[in-house]
Amino acid sequence: MLAFAVAVTFSSASAQTVFRSSDTHPDGYPTVEAVKYLSDLLKERTNGRYAIEVFHSGQLGEEKDVIEQAQFGVIDMIRVSMGPFNNMVPETIVPSLPYVFRSTEHMRKTLDSEVGDEILAAFEKHNLVALAFYDSGARSFYNAKHPVKSVADLKGLKLRVIQSDIFVDLVNALGANATPMPYGEVYSALQTGVIDGAENNWPSYESSKHSEVAKYFTLDQHLIVPEILAISKATWDKLTPEDQKIVRQAAKDSVKKQRELWEAAEKTSRAKVEESGTQVVEVDKQPFIDAMKPVYDKYLKTPEMKALYDRVQAVQ
Ligand code: GTR
(Lines give C-alpha, C1' and ligand atoms only; values in the text may rest on other atoms or scores of the structure.)
Protein backbone atom coordinates (compact mmCIF):
# COMPACT_ATOMS: atom_id res chain seq x y z
CA MET A 1 0.00 0.00 0.00
CA LEU A 2 2.75 2.33 1.05
CA ALA A 3 4.70 1.69 -2.13
CA PHE A 4 1.59 2.42 -4.17
CA ALA A 5 0.97 5.71 -2.37
CA VAL A 6 4.55 6.76 -2.92
CA ALA A 7 4.34 5.92 -6.61
CA VAL A 8 1.19 8.00 -7.05
CA THR A 9 2.68 10.97 -5.28
CA PHE A 10 5.77 10.70 -7.37
CA SER A 11 3.87 10.51 -10.63
CA SER A 12 1.61 13.43 -9.84
CA ALA A 13 4.62 15.53 -8.87
CA SER A 14 6.00 15.00 -12.38
CA ALA A 15 2.57 15.10 -13.99
CA GLN A 16 2.47 15.90 -17.64
CA THR A 17 -0.57 17.21 -19.45
CA VAL A 18 -0.72 15.82 -22.95
CA PHE A 19 -2.91 17.76 -25.37
CA ARG A 20 -4.68 15.67 -27.99
CA SER A 21 -4.25 17.26 -31.41
CA SER A 22 -6.01 16.28 -34.61
CA ASP A 23 -4.72 16.25 -38.17
CA THR A 24 -6.30 14.75 -41.27
CA HIS A 25 -2.91 14.07 -42.85
CA PRO A 26 -0.73 11.00 -42.40
CA ASP A 27 2.33 10.77 -40.19
CA GLY A 28 5.27 12.54 -41.77
CA TYR A 29 3.17 15.27 -43.46
CA PRO A 30 4.59 18.78 -42.78
CA THR A 31 1.69 19.86 -40.55
CA VAL A 32 1.89 16.67 -38.46
CA GLU A 33 5.63 17.01 -38.06
CA ALA A 34 5.36 20.72 -37.18
CA VAL A 35 2.95 19.97 -34.33
CA LYS A 36 5.29 17.25 -33.07
CA TYR A 37 8.08 19.84 -33.14
CA LEU A 38 5.80 22.21 -31.21
CA SER A 39 5.33 19.45 -28.63
CA ASP A 40 9.12 19.26 -28.19
CA LEU A 41 9.30 23.03 -27.73
CA LEU A 42 6.55 22.90 -25.12
CA LYS A 43 8.22 20.07 -23.20
CA GLU A 44 11.47 22.00 -23.20
CA ARG A 45 9.96 25.30 -22.13
CA THR A 46 7.69 23.90 -19.40
CA ASN A 47 10.15 21.40 -17.96
CA GLY A 48 8.05 18.60 -19.30
CA ARG A 49 4.73 19.76 -17.84
CA TYR A 50 3.07 19.99 -21.26
CA ALA A 51 3.28 17.94 -24.44
CA ILE A 52 1.13 17.22 -27.46
CA GLU A 53 0.11 13.92 -28.99
CA VAL A 54 -0.76 14.21 -32.66
CA PHE A 55 -3.58 11.97 -33.82
CA HIS A 56 -2.81 11.96 -37.53
CA SER A 57 -4.62 10.42 -40.49
CA GLY A 58 -8.01 11.72 -39.38
CA GLN A 59 -8.10 9.32 -36.40
CA LEU A 60 -10.22 11.78 -34.41
CA GLY A 61 -12.56 12.59 -37.30
CA GLU A 62 -13.03 14.73 -40.38
CA GLU A 63 -12.26 18.45 -40.20
CA LYS A 64 -15.82 19.73 -39.66
CA ASP A 65 -16.27 17.26 -36.80
CA VAL A 66 -12.97 17.94 -35.06
CA ILE A 67 -13.62 21.68 -35.20
CA GLU A 68 -16.87 21.10 -33.31
CA GLN A 69 -15.21 18.76 -30.85
CA ALA A 70 -12.52 21.34 -30.13
CA GLN A 71 -15.20 23.99 -29.61
CA PHE A 72 -16.73 21.71 -26.99
CA GLY A 73 -13.37 20.91 -25.39
CA VAL A 74 -13.47 17.23 -26.34
CA ILE A 75 -10.29 17.60 -28.42
CA ASP A 76 -7.59 19.99 -27.20
CA MET A 77 -6.01 21.05 -30.47
CA ILE A 78 -6.77 21.00 -34.18
CA ARG A 79 -4.72 21.59 -37.29
CA VAL A 80 -7.19 22.16 -40.10
CA SER A 81 -7.44 24.20 -43.28
CA MET A 82 -8.89 27.68 -43.08
CA GLY A 83 -11.52 26.57 -45.61
CA PRO A 84 -13.89 24.76 -43.23
CA PHE A 85 -14.02 27.91 -41.07
CA ASN A 86 -15.28 30.18 -43.85
CA ASN A 87 -18.96 29.78 -43.03
CA MET A 88 -18.36 30.26 -39.29
CA VAL A 89 -15.63 32.91 -38.99
CA PRO A 90 -16.29 35.74 -41.48
CA GLU A 91 -12.76 37.09 -40.97
CA THR A 92 -11.45 34.01 -42.81
CA ILE A 93 -13.35 34.88 -45.99
CA VAL A 94 -10.98 37.44 -47.49
CA PRO A 95 -7.82 35.31 -47.05
CA SER A 96 -9.70 32.38 -48.61
CA LEU A 97 -10.73 34.19 -51.79
CA PRO A 98 -9.33 32.80 -55.05
CA TYR A 99 -6.16 34.55 -56.21
CA VAL A 100 -6.30 36.99 -53.28
CA PHE A 101 -2.60 36.46 -52.58
CA ARG A 102 -0.15 37.29 -55.36
CA SER A 103 2.34 34.71 -54.11
CA THR A 104 3.31 32.58 -51.13
CA GLU A 105 5.53 35.47 -50.09
CA HIS A 106 2.55 37.85 -50.09
CA MET A 107 0.47 35.37 -48.08
CA ARG A 108 3.23 34.93 -45.48
CA LYS A 109 3.84 38.66 -45.14
CA THR A 110 0.14 39.34 -44.70
CA LEU A 111 -0.39 36.63 -42.12
CA ASP A 112 2.77 37.56 -40.22
CA SER A 113 1.47 41.14 -39.93
CA GLU A 114 -1.22 42.55 -37.64
CA VAL A 115 -3.82 41.57 -40.26
CA GLY A 116 -2.93 37.95 -39.47
CA ASP A 117 -3.16 38.54 -35.73
CA GLU A 118 -6.62 40.05 -36.12
CA ILE A 119 -7.79 37.03 -38.10
CA LEU A 120 -6.43 34.68 -35.44
CA ALA A 121 -8.15 36.70 -32.70
CA ALA A 122 -11.51 36.36 -34.48
CA PHE A 123 -11.69 32.66 -33.58
CA GLU A 124 -12.02 33.35 -29.89
CA LYS A 125 -15.73 34.14 -29.99
CA HIS A 126 -16.18 30.66 -31.44
CA ASN A 127 -14.55 28.96 -28.45
CA LEU A 128 -11.23 28.43 -30.19
CA VAL A 129 -7.91 30.14 -29.65
CA ALA A 130 -6.14 30.22 -32.99
CA LEU A 131 -2.39 30.08 -32.43
CA ALA A 132 -0.73 30.16 -35.83
CA PHE A 133 -1.03 29.85 -39.58
CA TYR A 134 0.85 27.11 -41.40
CA ASP A 135 1.64 26.98 -45.11
CA SER A 136 -0.45 24.96 -47.50
CA GLY A 137 0.94 26.08 -50.83
CA ALA A 138 -1.45 26.69 -53.70
CA ARG A 139 -4.44 24.55 -54.58
CA SER A 140 -5.03 23.47 -58.17
CA PHE A 141 -7.55 21.26 -59.99
CA TYR A 142 -7.01 17.63 -60.88
CA ASN A 143 -9.33 15.12 -62.47
CA ALA A 144 -9.64 11.64 -63.89
CA LYS A 145 -11.31 12.53 -67.20
CA HIS A 146 -9.12 14.70 -69.40
CA PRO A 147 -6.36 17.31 -69.35
CA VAL A 148 -7.87 20.68 -68.39
CA LYS A 149 -6.13 23.28 -70.52
CA SER A 150 -8.62 26.12 -70.20
CA VAL A 151 -11.62 27.24 -68.13
CA ALA A 152 -13.86 25.71 -70.82
CA ASP A 153 -12.35 22.26 -70.18
CA LEU A 154 -13.70 22.37 -66.61
CA LYS A 155 -17.28 22.60 -67.83
CA GLY A 156 -19.51 19.94 -66.35
CA LEU A 157 -16.79 18.22 -64.30
CA LYS A 158 -17.96 17.10 -60.87
CA LEU A 159 -15.29 18.38 -58.50
CA ARG A 160 -15.02 17.75 -54.78
CA VAL A 161 -14.43 20.81 -52.63
CA ILE A 162 -13.91 21.58 -48.93
CA GLN A 163 -17.20 22.19 -47.10
CA SER A 164 -17.16 25.97 -47.56
CA ASP A 165 -19.45 28.20 -49.60
CA ILE A 166 -16.50 30.06 -51.14
CA PHE A 167 -15.07 26.83 -52.49
CA VAL A 168 -18.46 25.86 -53.91
CA ASP A 169 -18.95 29.26 -55.52
CA LEU A 170 -15.51 29.41 -57.07
CA VAL A 171 -15.83 25.99 -58.69
CA ASN A 172 -19.31 26.75 -59.98
CA ALA A 173 -18.12 30.13 -61.33
CA LEU A 174 -15.71 28.18 -63.53
CA GLY A 175 -18.53 26.11 -65.01
CA ALA A 176 -17.79 22.90 -63.08
CA ASN A 177 -20.09 21.30 -60.50
CA ALA A 178 -18.91 21.57 -56.91
CA THR A 179 -19.49 18.66 -54.55
CA PRO A 180 -18.59 19.49 -50.92
CA MET A 181 -17.30 16.39 -49.15
CA PRO A 182 -14.99 15.49 -46.23
CA TYR A 183 -11.38 14.86 -47.24
CA GLY A 184 -11.37 11.23 -46.10
CA GLU A 185 -14.12 10.31 -48.58
CA VAL A 186 -12.46 11.75 -51.68
CA TYR A 187 -10.26 8.81 -52.67
CA SER A 188 -13.11 6.33 -52.94
CA ALA A 189 -15.41 8.91 -54.54
CA LEU A 190 -12.78 9.39 -57.26
CA GLN A 191 -12.26 5.67 -57.62
CA THR A 192 -15.94 4.89 -58.00
CA GLY A 193 -16.61 7.85 -60.29
CA VAL A 194 -18.96 9.63 -57.87
CA ILE A 195 -16.78 12.67 -58.61
CA ASP A 196 -14.49 13.41 -61.56
CA GLY A 197 -11.86 15.36 -59.68
CA ALA A 198 -10.93 17.64 -56.82
CA GLU A 199 -8.45 20.38 -56.00
CA ASN A 200 -5.51 20.55 -53.66
CA ASN A 201 -1.79 21.19 -53.23
CA TRP A 202 1.02 18.79 -54.23
CA PRO A 203 1.63 17.14 -50.82
CA SER A 204 -2.09 16.44 -50.29
CA TYR A 205 -2.58 15.19 -53.84
CA GLU A 206 0.32 12.80 -53.36
CA SER A 207 -0.12 11.63 -49.75
CA SER A 208 -3.87 11.03 -50.16
CA LYS A 209 -3.09 8.93 -53.25
CA HIS A 210 -5.60 10.95 -55.27
CA SER A 211 -2.79 11.06 -57.81
CA GLU A 212 -3.35 7.36 -58.44
CA VAL A 213 -6.95 7.85 -59.52
CA ALA A 214 -6.95 11.38 -61.01
CA LYS A 215 -3.92 11.85 -63.21
CA TYR A 216 -4.63 15.18 -64.92
CA PHE A 217 -3.30 18.05 -62.80
CA THR A 218 -3.82 21.64 -63.98
CA LEU A 219 -1.51 24.19 -62.40
CA ASP A 220 -4.09 27.00 -62.14
CA GLN A 221 -3.23 27.71 -58.46
CA HIS A 222 -6.59 29.26 -57.67
CA LEU A 223 -6.17 29.32 -53.90
CA ILE A 224 -3.29 29.98 -51.55
CA VAL A 225 -5.24 29.18 -48.43
CA PRO A 226 -3.35 28.68 -45.16
CA GLU A 227 -3.78 26.10 -42.43
CA ILE A 228 -4.97 26.99 -38.93
CA LEU A 229 -3.56 25.64 -35.69
CA ALA A 230 -5.99 26.20 -32.84
CA ILE A 231 -6.52 25.14 -29.24
CA SER A 232 -9.86 24.64 -27.56
CA LYS A 233 -10.92 27.61 -25.43
CA ALA A 234 -11.83 25.13 -22.68
CA THR A 235 -8.26 23.78 -22.64
CA TRP A 236 -6.79 27.28 -22.93
CA ASP A 237 -8.74 28.56 -19.94
CA LYS A 238 -7.19 25.88 -17.74
CA LEU A 239 -3.68 27.25 -18.40
CA THR A 240 -2.04 29.94 -16.30
CA PRO A 241 -1.35 33.22 -18.16
CA GLU A 242 2.38 32.32 -18.13
CA ASP A 243 1.72 28.94 -19.72
CA GLN A 244 -0.62 30.54 -22.28
CA LYS A 245 2.24 32.81 -23.25
CA ILE A 246 4.60 29.87 -23.62
CA VAL A 247 2.09 27.96 -25.77
CA ARG A 248 1.43 30.97 -28.01
CA GLN A 249 5.12 31.71 -28.51
CA ALA A 250 6.02 28.07 -29.14
CA ALA A 251 3.24 27.83 -31.74
CA LYS A 252 4.58 30.94 -33.49
CA ASP A 253 8.08 29.48 -33.33
CA SER A 254 6.90 26.26 -34.97
CA VAL A 255 5.84 28.21 -38.09
CA LYS A 256 9.39 28.57 -39.40
CA LYS A 257 9.93 24.83 -39.07
CA GLN A 258 6.61 24.08 -40.80
CA ARG A 259 7.50 26.36 -43.71
CA GLU A 260 10.83 24.60 -44.21
CA LEU A 261 9.15 21.20 -44.11
CA TRP A 262 6.48 22.49 -46.46
CA GLU A 263 8.86 23.73 -49.11
CA ALA A 264 10.69 20.42 -49.15
CA ALA A 265 7.45 18.41 -49.29
CA GLU A 266 6.06 20.41 -52.22
CA LYS A 267 9.10 19.50 -54.28
CA THR A 268 9.29 15.83 -53.38
CA SER A 269 5.54 15.28 -53.76
CA ARG A 270 5.45 16.87 -57.18
CA ALA A 271 8.45 14.85 -58.33
CA LYS A 272 6.88 11.62 -57.01
CA VAL A 273 3.54 12.06 -58.76
CA GLU A 274 5.11 13.16 -62.02
CA GLU A 275 7.26 10.07 -61.93
CA SER A 276 4.26 7.84 -61.39
CA GLY A 277 2.30 9.24 -64.31
CA THR A 278 0.61 12.51 -63.36
CA GLN A 279 0.22 14.74 -66.38
CA VAL A 280 0.80 18.38 -65.43
CA VAL A 281 -0.88 21.07 -67.51
CA GLU A 282 0.47 24.62 -67.24
CA VAL A 283 -2.20 27.23 -67.96
CA ASP A 284 -2.55 30.95 -68.46
CA LYS A 285 -4.10 31.96 -65.13
CA GLN A 286 -5.73 35.18 -66.36
CA PRO A 287 -8.97 33.60 -67.67
CA PHE A 288 -9.31 31.75 -64.35
CA ILE A 289 -8.80 35.02 -62.46
CA ASP A 290 -11.35 36.79 -64.69
CA ALA A 291 -13.93 34.09 -64.03
CA MET A 292 -13.77 34.83 -60.29
CA LYS A 293 -15.54 38.18 -60.59
CA PRO A 294 -18.93 36.86 -59.33
CA VAL A 295 -17.21 35.34 -56.30
CA TYR A 296 -15.61 38.68 -55.43
CA ASP A 297 -18.90 40.49 -56.00
CA LYS A 298 -20.66 38.12 -53.63
CA TYR A 299 -18.12 38.17 -50.78
CA LEU A 300 -16.86 41.74 -50.88
CA LYS A 301 -20.25 43.37 -50.41
CA THR A 302 -19.78 45.02 -47.01
CA PRO A 303 -17.40 47.93 -46.27
CA GLU A 304 -15.66 45.72 -43.63
CA MET A 305 -14.89 43.01 -46.17
CA LYS A 306 -13.70 45.55 -48.73
CA ALA A 307 -11.49 47.22 -46.14
CA LEU A 308 -9.90 43.92 -45.16
CA TYR A 309 -9.38 43.07 -48.82
CA ASP A 310 -7.68 46.44 -49.41
CA ARG A 311 -5.41 45.92 -46.41
CA VAL A 312 -4.39 42.51 -47.73
CA GLN A 313 -3.66 43.96 -51.16
CA ALA A 314 -1.65 46.81 -49.65
CA VAL A 315 0.84 44.40 -48.08
CA GLN A 316 3.99 44.55 -50.21
C1 GTR B 1 -5.45 20.01 -47.42
C2 GTR B 1 -5.46 20.56 -46.02
C3 GTR B 1 -6.33 19.71 -45.13
C4 GTR B 1 -7.70 19.50 -45.73
C5 GTR B 1 -7.63 19.11 -47.18
C6 GTR B 1 -9.00 19.09 -47.87
O7 GTR B 1 -4.66 20.81 -48.23
O8 GTR B 1 -4.15 20.54 -45.49
O9 GTR B 1 -6.38 20.30 -43.87
O10 GTR B 1 -8.48 20.67 -45.59
O11 GTR B 1 -6.77 19.97 -47.92
O12 GTR B 1 -9.05 19.38 -49.04
O13 GTR B 1 -9.99 18.75 -47.21
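This short talk goes through the ligand in this structure and the space around it.

Please keep in mind that this is a predicted model, in which local features need pLDDT of at least 70 and side-chain atom pairs count only at pLDDT 80 or more, while totals for chains, interfaces and linings use all residues. Residues are numbered from 1 along each chain as its sequence is written, and side-chain values use heavy atoms, with hydrogens and water left out.

Turning to individual atoms, an oxygen atom of the ligand lies 2.5 Å from a side-chain N or O atom of Glu 63, and for Arg 160 the corresponding distance to a ligand oxygen atom is 2.7 Å. The protein buries 99% of the 320 Å² that the ligand exposes when taken alone, areas being computed by the Shrake-Rupley method with a 1.4 Å probe.

What takes up the space of the largest cavity? That space is taken by the ligand, a cavity being a set of points on a 1 Å grid over the protein atoms alone where a 1.4 Å probe fits but cannot get out.

Conventions
A polar contact is a pair of N or O atoms within 3.5 Å; within protein, one must be able to donate a hydrogen and the other to accept it, and residues adjacent in sequence count only if both atoms are side-chain atoms. On a 1 Å grid over the protein atoms alone, a cavity is a set of points where a 1.4 Å probe fits but cannot get out, and a pocket is an open set with protein on both sides within 12 Å along at least five of seven lines; lining residues have an atom within 4 Å of a point. A molecule sits in a cavity or pocket if more than half of its atoms lie within 2 Å of its grid points.
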